[in-house]
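Dear colleague,

Please read the notes with the coordinates open beside them.

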Amino acid sequence: MGLMLLVLPLLLPVTYGLPFYNGFYYSNSANDQNAGNGHGKDLLNGVKLVVETPEETLFTYQGASVILPCRYRYEPALVSPRHVRIKWWKLSENGAPEKDVLVAIGLRHRTFGDYQGRVHLRQDKEYDVSLEIQDLRLEDYGRYRCEVIDGLEDESGLVELELRGVVFPYQSPQGRYQLNFHEGQQVCAEQGAVVASFEQLFRAWEEGLDWCNAGWLQDATVRYPIMLPRQPCGGPGLAPGVRSYGPRHRRLHRYDVFCFATALKGRVYYLEHPEKLTLTEAREACQEDGATIAKVGQLFAAWRFQGLDRCDAGWLADGSARYPVVHPHPNCGPPEPGVRSFGFPDPQSRLYGVYCYRRH
């Protein structure tokens, strides 16, 4: 199968916030996602409750622990403390329902759902009700609200959490445009990733992602990012941008999918082996080395965040053969950084090595 290239420059400036929309997405407008942070409401006798959360987005990686800062105060300051109720929840996004995370009154608290055993309040200082989330998962990114309730009054602030990651297009072994939305979710999960959000795809486009095949996003819209307008990709007369097909039927329509993988809590490496391997032999070789065969999302994350640079094509867990290039050089494909793909070769062929993954 022909050699394919995904181009994504590694170190380019990133801007945040949602852009305006006029058929394509180009640049940012004012970011009002944190509207309400630091506002206050009047209590009795002119005392105002104020909740403070950071305006900037917090960035971290899968498997880490993170603190979502939230403090409250009274204006003017009170002489004696008051009993308040604290509630944290994750806001609805892309059709997903809101999720309760934690509620607390004094030292008593309750956690919910997948957050049980992973979250607690940081009440080290007076008026500090920051939330710590441990063992972060891919689905933990998003916007969280911290609410402080004092009697009949309440005030809240937003904290936006993003996982450092990389967006990559994924195509079925059966070829182009073979995945409905639910199948797209499944294949991303199988590759150690999730379906990318529009914000993640837009940020990847700002960093240089150029891909002519349309793919599913988390909100069940279908889009593709174009840096270099050309005839097969909407025509040379259209400006660069993230092109949109709009919402599509989750079951009936079929496209590729854009996946999002975060920075690794482990290491991907090319296994030095005296011979080239079949796919089955590649899996066994990684196991013998105390590792597992790497997934596509892990290879992209290692390329992006660990600088994995290797000119040897190797098997991956999905049966594809790829190799990562950070510093292009002669006899190693096109002159741009990227993860090269040979598609899905015959599993019995002995033309490739293998990329393994070992968790720290």
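An open sheet is formed by 6 strands in the order β6-β15-β14-β9-β10-β11, with mixed pairing, where strands are DSSP runs of E of at least two residues, numbered from the N terminus, and two of them pair if DSSP finds at least two bridges between them. The edge strands, each pairing on one side only, are β6 (58-60) and β11 (108-111). On average, neighbouring strands of this sheet are turned by 20 degrees against each other, direction ignored, the axes being lines fitted to C-alpha atoms, with angles that run from 0 to 180 degrees between N-to-C directions.

This is a predicted model, in which local features need pLDDT of at least 70 and side-chain atom pairs count only at pLDDT 80 or more, whereas totals for chains, interfaces and linings use all residues. Residues are numbered from 1 along each chain as its sequence is written, and side-chain values use heavy atoms, with hydrogens and water left out.

Within the sheet, β9 (residues 85-90) and β14 (residues 142-150) pair in the antiparallel sense over 6 bridges, and W89 stands opposite R145 in β14.

Taking a disulfide as a pair of cysteine sulfur atoms within 2.5 Å, the count comes to 5. The sulfur atoms of C70 and C146 are 2.0 Å apart, and the torsion about their S-S bond is about -75 degrees, so this disulfide is left-handed. Both C70 and C146 are buried, where buried means under 20% relative accessible area, exposed over 50% and partly exposed in between (1.4 Å probe, protein chains only).

A further disulfide joins C188 to C259, with 2.0 Å from S to S; its torsion is about -80 degrees, and it is therefore left-handed. C188 sits in helix α1 (residues 181-190) and C259 in strand β21 (residues 256-262), 71 residues apart, a helix being a DSSP run of H or I of at least four residues. C188 and C259 are both buried.

How far apart are the sulfur atoms of C212 and C233? They are 1.9 Å apart, and the link, with -125 degrees about the S-S bond, is left-handed. C212 is partly exposed, with a relative accessible area of 22%, whereas C233 counts as buried at 1%.

With the bonded cysteines of the protein numbered in sequence order, the pairing reads 1-2, 3-6, 4-5, 7-10, 8-9.

Best regards
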